[in-house]
Amino acid sequence: MTIDGAMCAAVVDSASGMILGSVGSGVDIEIAAAGNTEVVRAKLKTMRSLGLNDVIEDMLITLGKHYHIIRPSASKEGVFIYVVLDKARANLALGRRKTQDADKQMNF
């Protein structure tokens, strides 16, 4: 939550959509985690269908007032970090970078 404009964040199990940990407020993080689990699954399915032999670094959803960053964990398969930023106060590039740093610091 040290990212400028950070509203809330969660670590999510992408198999079940359940939150492993969360912080902050501003959106219903449990609904967002479950919904974004479907986003991650859909993208992985599309990549398989296309025969892409690659990994998702992060996914960005830009709304009118928010940035939503979804970053599958590089260290733990089946887990992703979900961060919501206030678009008026956040720097997207720094938000992505700090989300990447947070991923590197997670221990499972």
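Which residues have the most contacts inside the largest nonpolar core?

I worked from a predicted model, in which local features need pLDDT of at least 70, side-chain atom pairs count only at pLDDT 80 or more, and totals for chains, interfaces and linings use all residues. I numbered residues from 1 along each chain as its sequence is written, and I took side-chain values from heavy atoms, leaving out hydrogens and water.

**Core.** I found 15 residues in the largest nonpolar core, and Val12, Ile70, Phe80 and Tyr82 have the most contacts inside it. I took a nonpolar core as a set of buried Ala, Val, Leu, Ile, Met, Phe, Trp, Tyr and Cys residues joined through side-chain atoms within 4.5 Å, where buried means under 20% relative accessible area (1.4 Å probe, protein chains only). Strand 1 (6-13), helix 1 (29-50) and strand 5 (79-86) each give two or more residues to this core. Helix 1 gives the most, with five residues.

**Phe80.** I looked up its contacts (heavy atoms within 4.5 Å), leaving aside neighbours within four places in sequence; among them are Val12, Ala33, Val40 and Ile70.

I noted another core of twelve residues lying apart from the largest one, including Ile69, Val79, Val83 and Met106.

**Fold.** I read the order of elements from the N terminus as β-β-α-β-β-β-α, with helices (H or I, at least four residues) and strands (E, at least two) taken as DSSP runs.

**Whole chain.** I recorded that buried residues make up 38% of the 108 residues in the protein chain. I also recorded that the C-alpha atoms fill a box of roughly 40 × 25 × 25 Å along the principal axes.

Note on methods:
Buried < 20%, exposed > 50% of the residue type's maximum accessible area, 1.4 Å probe, protein only.
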